[in-house]
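Here is a short report on one structure. Keep the sequence and the 3D view at hand as you read.

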Amino acid sequence: MTASSPIVEFKSVTKRYGDGPLILNAVTLAAHPGDFISLIGPSGCGKSTLLRLIAGLSPLTSGQITVDGLTPADAAAELAFVFQEPTLLPWLNIARNVELPQKLRQIPADQRAKVRARALELVKLGERSQAFPRQLSGGQKMRVSIARALTLNPKILLLDEPFGALDEMTREHLNEELLAIREQQAWTAFFVTHSVFEAVFLSSRILVMSANPGRIAHEITVDLPFPRTSDTRLSRAYQELVAKVSRLLRSVEEN
Ligand code: ADP
Ligand code: MG
C-alpha cells in the first residue's frame, strides 16, 4: 500500500439497524494515514454508528468500507476504541487495567509489562500504576483509558467523545497531550466531539454531519500547523476556523 492510499474508506455507505429507519445515508469518505478526523453534528446523527462501522462492531447495510485494505471485521486488530466512559475495572489497579487488552490477546507477561509502562509514561501516569481507579480524577481515568488503547499499538484510534465529561481546563490539557502522543505514535484518528474548539484544535479535517438520515454535510480542512500548543488557540487562524465550523454546525442543526 502506498502512503497516499486511504487507510479508511467509505463508498456510499448506508446503515439501518434491523428494518428500522435509515441512520446513515450515502456516506463517502477517505482517511489517509496520519489524518486526524473529527466528526461533529447533532445528537443522533450517527457519529457513534459511523465509528462502530469502522470497528466492525456493527454491519453496514449497503456500500463498501475498507480498513487498511480489509473488511472492518478482518481489520479489527488494527484499531482501538476509546469511549466517553473510561470503563476501568474498579478492583484492578491502573497497571492491571492498562494491560488487560494485551492479556486477552495472550501476550506474555514480560512483554505486557514493557508495553504497559511505555503507555503509562505517554499519558504521564507512570508514577500511579499501583493506584486504583477510585483514587484518580476524571481526567486521570481518561488518560488510563487512552493508555490502555495505546497498548494495542493501533494503526487507527477511534475516540467517541472521550473528553465530553471533563471540565474545560482538563479537556484542553488532554487535547494537548493527545497531540503530543501522536507525535510519537503515528495512528490515524477518528474523533467524535460536541466541542467545536476541540475539533479545530485537534483535527486535520472536520466532518460536519447532519441528521435524519445522518450524512456528511460539510468538510473543513484545518490547515493550522503542527505541533499545536496552547498558543494555537490564541491565533487568528484558529479563531476564524472555530467561527466557521460553528456557523456550519448551526446551519445543519437548524435544518
Ligand atoms: P450519535 O452518536 O450521533 O448521537 P448514534 O450513532 O448513537 O448517534 O445513533 C444514531 C441513530 O441510530 C439514533 O437514532 C439511535 O437511536 C439509533 N441507534 C443507535 N444504535 C442503535 C441500535 N443498536 N439499534 C437501533 N438503533 C440504534
Ligand atoms: Mg454518540
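## Model

This is a predicted model.

## Around ligand 1

Start with the residues around ligand 1. They are Y17, I23, S43, G44, C45, G46, K47, S48 and T49. By class, this shell holds three nonpolar, five polar and one charged residues. Helix α1 spans residues 47–55. The helix gives three residues, the largest share of the shell.

At G44, a polar backbone atom is 2.8 Å from an oxygen atom of ligand 1. K47 also brings its backbone: one of its N or O atoms lies 2.9 Å from an oxygen atom of ligand 1. S48 uses its side chain instead, with a polar atom 2.9 Å from an oxygen atom of ligand 1. How much of the ligand does the protein cover? On its own, ligand 1 has 560 Å² of accessible area, and the protein covers 55% of that.

## The largest pocket

Now turn to the largest pocket. It holds about 170 Å³ of space. Its lining consists of A55, L57, A76, L79, A80, F81, F83 and R105. By class, seven of the lining residues are nonpolar, none is polar and one is charged.

Note on methods: Residues numbered from 1 in each chain as written. Chains lettered and ligands numbered in written order. Predicted model: local features only at pLDDT ≥ 70, side-chain atom pairs only at ≥ 80, totals over all residues. Heavy atoms only, no water. 1 Å grid on protein atoms, 1.4 Å probe; cavity = no way out; pocket = protein on both sides within 12 Å on 5 of 7 lines; lining within 4 Å. Points joined across faces, edges and corners; volume = space filled by probe spheres on them. Nonpolar A, V, L, I, M, F, W, Y, C, P; charged D, E, K, R; others polar. Near = heavy atom within 4 Å. Polar contact = N/O pair within 3.5 Å; in protein donor to acceptor, adjacent residues only side chain to side chain. Areas by Shrake-Rupley, 256 points an atom, 1.4 Å probe, with all protein chains shown as cover. Helix = DSSP H or I, 4+ residues; strand = E, 2+ residues; numbered from the N terminus.
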